[in-house]
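Subject: Structure handover

Hi,

Here is the structure I promised to pass on, with my notes below it. Please have a look at it alongside the text.

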Amino acid sequence: GRGATGLLDIDICGPSAPRMMGVEANEVRQAASGWQPVWVNDALCVMSIGFMLPSREDAVVWRGVRKNGLMKQFLKDVEWGPLDYLVVDAPPGTSDEHITIAQCMNHTHNVGAVIVTTPQEMALLDVRKEINFCLKAGIKILGIVENMAGFVCPHCNCTSEIFLPSGADEHQKAGGAAVSDEKSIGEGSLGAASVGGGGA
């Protein structure tokens with residue numbers, strides 16, 4: 001039968017997956033087979049350092065070596081079970097988290113990145129760097145998703161552009177991405193994360 005989808009939050013210093021998935025009050029449990037991820041429902045489980053912090057206000061001030069060690073533990077010591085997909089939610093930029101996860105998945109087949117951004121120019125600077133990172137790391141770019149592309153009026157359903165056109169389509173072509181999407185404010189959440197990070 002079909003397996004589940006795993007969501008791995010590797011934003012060590014700013015974990016948000018537990019709150020976004022509505023399971024912030026849950027705890028990670030240790031079993032003989034390894035850490036048990038938190039199940040959102042029968043088809044989705046989540047692992048994040050956010051489950052291990054005493055409160056959401058607690059800061060994680062770790063150097064690269066310690067962060068890298070935890071990410072490797074998340075991949076090797078978590079009892080994910082049979083998964084159809086493992087979605088890795090990374091922070092913006094091209095930092096230790098991205099390098100480590102790319103190295104860990106170097107010999108894994110069917111690895112791809114969905115880069116999530118917003119129309120602001122500063123966010124698009126990150127996109128350019130992430131595209132270059134993916135190309136150098138040999139990670140296929142599946143698409144670029146642009147959040148907050150407009151505002152959908154709840155009364156008339158009309159969409160208004162808040163920001164100037166971003167040029168994300170040009171970045172998509174430059175990275176060889178096959179798919180792109182635009183999500184407007186009020187249109188509903190995307191519900192997906194990205195291997196390549198992005199200003200999501």
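In which helix is the place of Asn-68? Asn-68 sits in helix α2, residues 64-76. Helices here are DSSP runs of H or I with at least four residues, strands are runs of E with at least two, and both are numbered from the N terminus.

Before going further, a word on conventions. This is a predicted model, in which local features need pLDDT of at least 70 and side-chain atom pairs count only at pLDDT 80 or more, while totals for chains, interfaces and linings use all residues. Residues are numbered from 1 along each chain as its sequence is written, and side-chain values use heavy atoms, with hydrogens and water left out.

**Overview**

The protein chain has five helices and 10 strands. Of its 200 residues, 40% count as buried; buried means under 20% relative accessible area, exposed means over 50%, and partly exposed is in between (1.4 Å probe, protein chains only). The chain exposes about 11500 Å², and carbon and sulfur atoms supply 52% of that area. Accessible areas come from the Shrake-Rupley method with a 1.4 Å probe, and for residues only the protein chains shown count as cover. Among contacts (heavy atoms within 4.5 Å) between residues at least 6 apart in sequence, 74% join residues at least 24 apart.

Not counting residues up to four places away in sequence, Asn-68 touches Asp-96 and Thr-100. With Thr-100 there is a polar contact between the two side chains, at 2.7 Å. A polar contact is a pair of N or O atoms within 3.5 Å; within protein, one must be able to donate a hydrogen and the other to accept it, and residues adjacent in sequence count only if both atoms are side-chain atoms.

Thr-100 is also one of the buried residues of α3, together with Glu-97, His-98, Ile-101 and Ala-102. The cover over the buried residues of α3 includes β1 (4-9), α2, β6 (83-89) and α4.

**The cores**

In soluble globular proteins, nonpolar side chains tend to be buried together. A nonpolar core is taken here as a set of buried Ala, Val, Leu, Ile, Met, Phe, Trp, Tyr and Cys residues joined through side-chain atoms within 4.5 Å. The largest has 25 residues, of which Leu-8, Ile-10, Trp-35, Met-47 and Phe-74 touch the most other members. β1, β5 (44-47) and α2 are the elements that give two or more residues to this core, and β5 gives the most, with four residues. Leaving out residues up to four places away in sequence, the residues that Trp-35 touches include Met-47, Met-52, Leu-70 and Phe-74. Apart from this core lies another, of 11 residues, among them Ile-115, Val-127, Ile-139 and Ile-144.

**Strand β8 and its partners**

How do strands β7 and β8 pair, parallel or antiparallel? β7 (residues 112-117) and β8 (residues 140-152) run in the parallel sense, with six bridges; two strands pair if DSSP finds at least two bridges between them. Ile-115 has Ile-144 in β8 as its bridge partner. From β7 the chain crosses through helix α4 (residues 121-137) to β8, a right-handed β-α-β crossover. Right-handed means that, with the strands pointing away from the viewer, the path from the first strand over the helix to the second runs clockwise.

Val-145, in strand β8, is buried, with a relative accessible area of 8%.

With strand β9 (residues 159-160), β8 pairs in the antiparallel sense over two bridges, and Val-152 stands opposite Thr-159. These two strands form a hairpin with six residues between them.

Asn-157, in the loop between β8 and β9, has a positive phi of about 70° although it is not a glycine. Asn-157 is exposed, at 62% relative accessible area. Asn-110, in the loop between α3 (96-104) and β7, also has a positive phi, of about 60°, and counts as exposed at 82% relative accessibility.

Pro-18, in helix α1 (residues 17-20), counts as buried at 4% relative accessibility.

Best wishes
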